Amino acid sequence: MIYRIPLTYLHVLNLAAQILFDLLLVRWVGAGALAYLLVSSFLAGSLHPCAGHFIAEHYVFEKRLRTSQERSSVPVPETYSYYGPLNLLTYNVGLHNEHHDFPAVPWTKLPILHSIAREFYSDLPHHQSWTWVMWQFIFDPSVGLWCRVKRQAGDRKTKGARDKELKSNAPTNVMKPTQLWE
């Protein structure tokens, strides 16, 4: 089942603000400015090498056969990092696992975090080329739109449920990390 986000007045306000901005941009700067923004959006989600990060971060590319013991104790990673030169152009968006582990660390400090904690990330699957990621996504039949980690219903804890667990001192309420993926 796909969760549909209900349309609210904030969505309508956002859309109106975007249309107003586009109209003012065309009026005061010209249609070329709007075309530039549209082309930039296309390049961000097209066959441009930097667009590979959208696919590289959340699609499963791991092909290593895992033993049944590994499958039960080690979950398939939900995010992948990229350790290539394009991180310099993309505000280190490729250091994705590091970002998920430490979301409060600014993008400028992610390479330092990676070098400090390299031992924790070196064994995780990662990418070296966003171009190769896109090549695999298009031509490799074992990689595609269906290669995402799907959680069972109720896997994610809501903020209220997490807060209740944190306030409780009972050891039975402590979740083991592996329970998040069961």
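**Close-up views of a predicted model**

View 1. Asn97 is buried, with a relative accessible area of 8% (buried means under 20% relative accessible area, exposed over 50% and partly exposed in between, with a 1.4 Å probe and protein chains only). The residue belongs to helix H5, residues 96–101 (helices are DSSP runs of H or I with at least four residues, numbered from the N terminus). Not counting residues up to four places away in sequence, Asn97 touches Thr79, Tyr80, Ser81, Tyr121, Leu124 and Pro125, where contact means heavy atoms within 4.5 Å. This is a predicted model, in which local features need pLDDT of at least 70 and side-chain atom pairs count only at pLDDT 80 or more, whereas totals for chains, interfaces and linings use all residues. Residues are numbered from 1 along each chain as its sequence is written, and side-chain values use heavy atoms, with hydrogens and water left out.

**View 2. The largest nonpolar core.** This core has 10 residues in all, namely Ile55, Ala56, Tyr59, Phe61, Tyr82, Trp130, Val133, Met134, Phe137 and Val143 (a nonpolar core is a set of buried Ala, Val, Leu, Ile, Met, Phe, Trp, Tyr and Cys residues joined through side-chain atoms within 4.5 Å). H3 and helix H8 (130–139) are the elements that give two or more residues to this core, and H8 supplies the largest share, 4 residues. Val133 is in contact with Gly52, Ile55, Ala56, Phe61 and His127, leaving aside its neighbours within four places in sequence.

**View 3. The loop position of Leu47.** Leu47 lies in the loop between helix H2 (31–44) and helix H3 (52–58), and this residue counts as exposed, at 63% relative accessibility.
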